[in-house]
Amino acid sequence: MFLQVFATSLVLLFLGEAAVGILAFVMKDRVRGVVEEHMFEAIKSYRDDSDLRDAVNVAQRTFQCCGVRNFTDWQENVLLQVLQRGYRELWCSLLVLQYVSASESVLWCE
């Protein structure tokens, strides 16, 4: 009896994952748009939420990128809007200096 419940649950879980994967593939442009929109919002409010900041740092470190499309996406960050008046080319570098210890590099800006 327990084995049947387990097997049924496993099959249902697999079918659910397959359905989500198929939907994501069919609607990939819409999914990309939603993800980009949320990433831009995360960049705008980077300083406000430590969990969000950690997620952005992990994503940029994992994918070795800076921003959603490129480093200029960080122009939307409120802190960097204030700082960029005198440091236009150092948006990401200033962010690294502000939030990261000297031994750890989080953002992949070049």
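How exposed is Glu 41, going by its relative accessibility? At 43%, Glu 41 counts as partly exposed; buried means under 20% relative accessible area, exposed means over 50%, and partly exposed is in between, with a 1.4 Å probe and protein chains only. Here are my notes on the rest.

1. Ground rules. This is a predicted model, where local features need pLDDT of at least 70, side-chain atom pairs count only at pLDDT 80 or more, and totals for chains, interfaces and linings use all residues. Residues are numbered from 1 along each chain as its sequence is written, and side-chain values use heavy atoms, with hydrogens and water left out.

2. The overall layout. Helices (H or I, at least four residues) and strands (E, at least two) are DSSP runs, numbered from the N terminus. Of the 110 residues in the chain, 20% are buried.

3. Salt bridges. Side chains of opposite charge can pair when their charged atoms come close. A salt bridge here is a side-chain nitrogen of Lys or Arg within 4 Å of a carboxyl oxygen of Asp or Glu. Searching the whole structure turns up two of them.

4. The bridge between distant parts. Glu 36 and Arg 69 join their side chains in a salt bridge, at 2.8 Å from N to O. This pair links distant parts of the chain, 33 residues apart: Glu 36 is in helix 2 (residues 28-44), while Arg 69 is in the loop between helix 3 (50-63) and helix 4 (78-83). Arg 69 is exposed, with a relative accessible area of 58%.

5. Ile 22, Leu 23, Phe 25, Val 26, Met 27, Val 31 and Val 35 make a nonpolar surface patch of about 680 Å². Helix 1 (2-26) and helix 2 are the elements that give two or more residues to the patch, and helix 1 supplies the largest share, with four. Met 27 lies in the loop between those helices and is partly exposed at 33%. For the record, patches take residues with over 30% relative accessible area and no salt bridge, joining like charges within 9 Å and nonpolar side chains (Val, Leu, Ile, Met, Phe, Trp, Tyr) within 5 Å. The areas come from the Shrake-Rupley method with a 1.4 Å probe, and for residues only the protein chains shown count as cover.

6. The largest pocket. This one holds about 200 Å³ of space. Helix 2 and helix 3 are the elements that give two or more residues to its lining, and helix 2 gives the most, four. Among the lining residues are Glu 36, Val 35 and Phe 63. A pocket is an open set of points on a 1 Å grid over the protein atoms alone, where a 1.4 Å probe fits, with protein on both sides within 12 Å along at least five of seven lines; lining residues have an atom within 4 Å of a point. The volume is the space filled by probe spheres set on the points, which are joined across faces, edges and corners.

7. Two loop residues to look up. Gln 64 has a phi near 50°, a positive value in a residue other than glycine. You'll find Gln 64 in the loop between helix 3 and helix 4, exposed at 54%. Arg 47 is in the loop between helix 2 and helix 3 and is partly exposed at 49%. Arg 47 and Val 78 are 31 residues apart in sequence, with their C-alpha atoms 8.5 Å apart in space.
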